[in-house]
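Thank you all for coming. Please take a moment with the sequence and the model before I start.

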Amino acid sequence: MHLGRLRDAILLLAVAAYSAGYATPGLAVLFLLALGEAATRSWRWIPTAIDAPLLGLALAAAASALTSQWRGVSLALALLFLLTAVVSVRSVAVYACGGTENVVRLLRVWVVGGVAAALWGLARSGAAGWLAATTPGVGENGLGMTLAVALTLTAALAVTGLLRGRWTAGALIAVLLAGLVLTRSRGGWLGAAVGVTAAILLGAPRPARLRLLVGTAVLTVAGLALLARWPVLAGEIRS
């Protein structure tokens with residue numbers, strides 16, 4: 001039980017650190033804990049809906065490795081892929097199987113990590129004369145896409161009532177938007193627009209859905225119009 005709680009805590013820390021590009025240490029500890037559980041025979045298999053797709057990916061990777069002219073290296077990489085998938089993706093799936101409360105906690109932790117990464121990116125960008133926002137572990141496109149995911153999850157939590165307080169939601173969204181804009185990642189911008197729209201369509205109550213969509217569209221157009229006048233971003237927007 002003690003190991004289980006420790007594993008869950010480290011998993012949440014790894015999820016929070018993912019947005020800034022520092023999930024690897026947490027995943028390495030999770031792998032060592034899994035080895036410890038296997039050695040003490042306290043580990044148990046918990047079926048998840050993601051097992052079959054992961055098995056398919058593992059078999060495809062193995063088949064590709066066996067047909068490669070660098071078979072030894074390819075098989076080693078396929079094994080590394082399988083271990084990474086089990087420790088990272090499947091660990092999250094197992095944690096989510098613990099119930100709705102676990103799922104909501106995962107989403108909130110991801111948002112917190114995204115906000116921290118956005119603040120870090122903003123600080124680095126401002127200190128460097130407003131160059132593209134990055135963290136030491138993630139470049140502008142990587143940071144842009146992870147902030148787009150965090151922004152989508154924040155919108156989803158807000159419209160479903162799982163994020164308490166309008167001011168809290170507004171502040172989190174403002175920080176994520178600022179960080180996302182300064183990444184100059186057009187893929188991240190587009191992903192965030194699609195993600196937030198989907199979150200509103202799927203999660204918002206019907207009476208508020210149209211109002212939220214119109215408000216999002218108006219803010220997006222107004223924001224693009226203002227940013228197009230900012231020399232640092234004008235070229236990115238016009239291209």
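Helices (H or I, at least four residues) and strands (E, at least two) are DSSP runs, numbered from the N terminus. What you see is a predicted model, in which local features need pLDDT of at least 70, side-chain atom pairs count only at pLDDT 80 or more, and totals for chains, interfaces and linings use all residues. Residues are numbered from 1 along each chain as its sequence is written, and side-chain values use heavy atoms, with hydrogens and water left out.

Let me begin with Leu82, which lies in helix H4. Leu82 is partly exposed, with a relative accessible area of 34%, where buried means under 20%, exposed over 50%, and partly exposed in between (1.4 Å probe, protein chains only).

Now to the loop between helix H7 (166-183) and helix H8 (186-203), where we find Arg184. Is Arg184 buried or partly exposed? Arg184 is partly exposed, its relative accessible area being 21%. Its phi is near 60°, a positive value in a residue other than glycine.

A pocket is, on a 1 Å grid over the protein atoms alone, an open set of points where a 1.4 Å probe fits, with protein on both sides within 12 Å along at least five of seven lines, and lining residues have an atom within 4 Å of a point. This pocket is lined by 28 residues, of which Arg7, Glu37, Trp43, Arg44 and Val94 lie nearest its centre.
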